[in-house]
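Please examine the structure shown here, moving from the whole chain to single residues. The explanation that accompanies it is written for a reader who is new to protein structure.

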Protein chains: 2
Amino acid sequence: MIQKQYLMIPGPTMVPERVLRVMVREMINHRGPEFIKILKNVTEGVKKCFKTNNDLFIIPSSGTGGMEAAIVNVLSEGDDVLVLNIGAFGARFVKILKAFRANVDEIKFERGKAADVATVEKKLKEKKYKAVFLQHNETSTGVLNDVKSLAAVIKKYDALVVVDSVSGLITADLRTDEWGLDVVVAASQKAFMLPPGLSFVSFSKKAWEYYAKAKMPRFYWDFKSMKDFADKGQNPFTPPVSLYYGMEEAIKILEEQGLENVFESHKKLRDMARTGLKSMGLKLLASDDVASCAVTAVFPPEGVGADELRKKINEKYGVVLAGGQEDLKGKIFRIGHLGFCAETDVMIALDAIKKEI
Amino acid sequence: MIQKQYLMIPGPTMVPERVLRVMVREMINHRGPEFIKILKNVTEGVKKCFKTNNDLFIIPSSGTGGMEAAIVNVLSEGDDVLVLNIGAFGARFVKILKAFRANVDEIKFERGKAADVATVEKKLKEKKYKAVFLQHNETSTGVLNDVKSLAAVIKKYDALVVVDSVSGLITADLRTDEWGLDVVVAASQKAFMLPPGLSFVSFSKKAWEYYAKAKMPRFYWDFKSMKDFADKGQNPFTPPVSLYYGMEEAIKILEEQGLENVFESHKKLRDMARTGLKSMGLKLLASDDVASCAVTAVFPPEGVGADELRKKINEKYGVVLAGGQEDLKGKIFRIGHLGFCAETDVMIALDAIKKEI
């Protein structure tokens, strides 16, 4: 029997044929006049998705590269920083910060919970931090943080707000300028509906003040060098040209749909997934009030192995689900419903799960 | 009039239609069984081009990212290192090493010359270096270093040999294991005939001994983490999946052609370009004995601006040439003749130049 693939993991996500097609174009000179226009278009398009007028850098790297760039451009060894750790990607911030010898404190929230504003404020009262790191959407647990409220309290204590929105951006509203987010990281392979290979980082005026004092070693990730080249329509190093072609098309699709409608669609898919899973008697990791619009983490029925279930569903129906990460490995499975994902995709995933549990 | 493009810059290079076509494939799970096979295939294929059995890491980044990775995995702040600077990419090694606070000495050779073995040995006798950095092919000047002889003398003084072969690999023989090259860097957008977005770094046993003592901060570029994931057929972070599809096809093409034949073709194109340019009375930056097989740097006739000439040739014939870098900006132009480049492409480029000078 012919099988079709339904890639329901939280990235890389499915890519529209329109986007794949434009990526087949021949290479052009990345320092020539045509690329200048493309870089400008893509930068402006991504800025609209970030809701920002800050500088916006496009980096040849995975999302984690963007996270590293967000750190080394604002900090020095020994700086006191706080991470709001609600899952594997909060833990990743801790790891990168430790690798670059920042002095890291973390508040580790229970898996499946969002960062609690009161707990964060208590910590900020106790100790002065230069920067606070948090996720917009925690991919490993399917939890959406209340970035607006968290940023407000962090700013009250005058710390830099650094947000990883790699899996969150476009799936739920994020207002970089209105909420005062100093550094925001995103990537191409999530709701931008593109293959992996590009990360995006926005950088506020306050972040530039931090940059001036930041002593962590940097070259590839150096934003000053990126800004100098961006001013002449270039990148410091050779950019992944075909992904820029794809980004231009992806931005067109997002503009045709309208960003607010895209948020609504993601909410609908999330609610559809959660209602369906609950009706099968399955337990979800995150509660409704903090549920991610990008990915839903689910416990399998008692006695059923999460990874065995995923394997069976993949083999029988071509529906690709994600497993658990770190402590949750083998304990949960995750359904991605972001980017180029339709109601019919969620229907198929739910149906396949229902048949196999 | 319809115009066709001839992208004769030293990267990104022209991409064969076969390669572009396979890149249109839908995304797959980068942690699933199918990607494990692709990663293995691509790694084995690239190792053959490196002529190595060392570990080989594939990184989502431009070539400069690979250069940074080659540094931070083997050194600590304050380590004494030597750079053989024969052009802009030698200078780039110096910049990265300084950014990470190595104690850098450099031998700056005249632009258009290769690194001289005797001069290098004299320096190595004077001072003990932990590592020596050099280019296989210097893209900015079109000069091929005698890596075999340079590596032999560097190894005599027990320093680590780190080679940037980003624009050199596949255009001219490089025998990583036979010549004892500890760290070698390459990238996708040169003779691999692929769009930019991947870098490749090989890492010897001796390099791993350096790794164990190296204290430069690293997370994204960390080879231990890459090795741990590679052992299970994965990457630590989301890889640019479509470029891996393209790499599989590019490796097939290289295997069909045979690596030694590919070296011969590159030599032929180089000789054709040089003979043609000389017959027009143009002066070349590099002499025949050190001439690059990837790119030729040319002085325009007296009174003619290099960049004005490039612009005219681009507009009239669609032939895209590269300009000079750093000190050579505006003084030379460069013709790339690497990767998916045919005799007919060089013919057109030469003809266009002849008509416009």
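This is a predicted model: local features need pLDDT of at least 70, side-chain atom pairs count only at pLDDT 80 or more; totals for chains, interfaces and linings use all residues.

We begin with the overall form of chain A. Its secondary structure consists of 12 helices and 15 strands. Along the principal axes, the C-alpha atoms of chain A fill a box of roughly 55 × 55 × 35 Å. A compact globule of 357 residues would have a radius of gyration near 21 Å, and the value of 20 Å for chain A agrees with this. Of the 357 residues in chain A, 54% count as buried. Among contacts between residues at least 6 apart in sequence, 73% join residues at least 24 apart.

The next level is that of domains. The domain assignment of chain A gives domain 1, made of residues 6-13 + 258-356, and domain 2, made of residues 17-255. The C-alpha centres of domain 1 and domain 2 of chain A are 25 Å apart. Their contact takes 26 residues from domain 1 of chain A and 27 residues from domain 2 of chain A. On the domain 1 side of this contact, α10 (259-279) and β12 (295-299) of chain A each supply at least two residues. The largest share of that side, 4 residues, comes from α10(A). By class, the domain 1 side has 16 nonpolar, 7 polar and 3 charged residues.

We now turn to the interior. In soluble globular proteins, nonpolar side chains tend to be buried together. In this model, the largest nonpolar core has 242 residues, and those with the most contacts inside it are A:V81, A:A131, A:V132, B:V81, B:A131 and B:V132. Helix α9 (residues 241-257) of chain A provides the largest share of this core, with 8 residues. What does A:V81 touch, if residues up to four places away in sequence are not counted? Its contacts are A:L75, A:L97, A:A102, A:N103, A:V104, A:Y129, A:K130, A:A131 and A:F133.

B:N103 lies in strand β4 (residues 103-108) of chain B. Is B:N103 buried, exposed or partly exposed? B:N103 has 14 other C-beta atoms within 10 Å, so it is partly exposed. B:N103 and B:D79 are 24 residues apart in sequence, and their C-alpha atoms are 5.4 Å apart in space. With neighbours within four places in sequence left aside, B:N103 is in contact with B:G78, B:D79, B:D80 and B:V81.

The two chains may now be considered together. Two copies of a chain are related by a rotation about an axis and a shift along it. Here, chain B is superposed on chain A by a rotation of 180° with 0.0 Å of shift along its axis, and the RMSD is 0.0 Å. The two copies are therefore related as by a two-fold rotation axis. Among the residues of chain B, B:S61 comes closest to the rotation axis, with its C-alpha at 2.5 Å. The same surface serves both copies, since 100% of the contact residues of chain B recur in chain A.

How many residues take part in the contact between the chains? There are 46 residues of chain B in contact with 46 residues of chain A. On the chain B side, α1 (17-22), α3 (63-72), α4 (88-99) and α10 (241-257) each supply at least two residues. Helix α3(B) gives the most to this side, with 4 residues. The residues on the chain B side divide into 25 nonpolar, 15 polar and 6 charged.

Finally, some details of the backbone deserve attention. Most residues other than glycine have a negative phi, and most peptide bonds are trans. A cis peptide bond joins A:G11 and A:P12, with omega about -5°. A:P12 lies in the loop between β1 (6-7) and α1 (17-22) of chain A. In chain B, the peptide bond from B:G11 to B:P12 is also cis, with omega near 0°. A:M193 has a positive phi of about 65° although it is not a glycine. A:M193 is placed in the loop between β9 (183-187) and β10 (198-203) of chain A. With 28 C-beta neighbours inside 10 Å, A:M193 counts as buried. Phi of B:M193 is likewise positive, near 65°, and B:M193 counts as buried with 27 C-beta neighbours inside 10 Å.

Key. Residues are numbered from 1 along each chain as its sequence is written. Chains are lettered from A and ligands numbered from 1 in the order in which they are written. Two residues are in contact if their C-beta atoms, placed from the backbone, lie within 7 Å. Ala, Val, Leu, Ile, Met, Phe, Trp, Tyr, Cys and Pro count as nonpolar, Asp, Glu, Lys and Arg as charged, and the others, Gly among them, as polar. Copies are superposed by least squares on the C-alpha atoms of residues with pLDDT of at least 70 in both. Domain bounds come from an automatic or database domain assignment. The radius of gyration is taken over C-alpha atoms; the globule rule is 2.2 Å times the number of residues to the power 0.38. A residue is buried if 20 or more other C-beta atoms lie within 10 Å of its own, exposed if 12 or fewer, and partly exposed in between; C-beta atoms are placed from the backbone. A nonpolar core is a set of buried Ala, Val, Leu, Ile, Met, Phe, Trp, Tyr and Cys residues joined through C-beta atoms within 7 Å.
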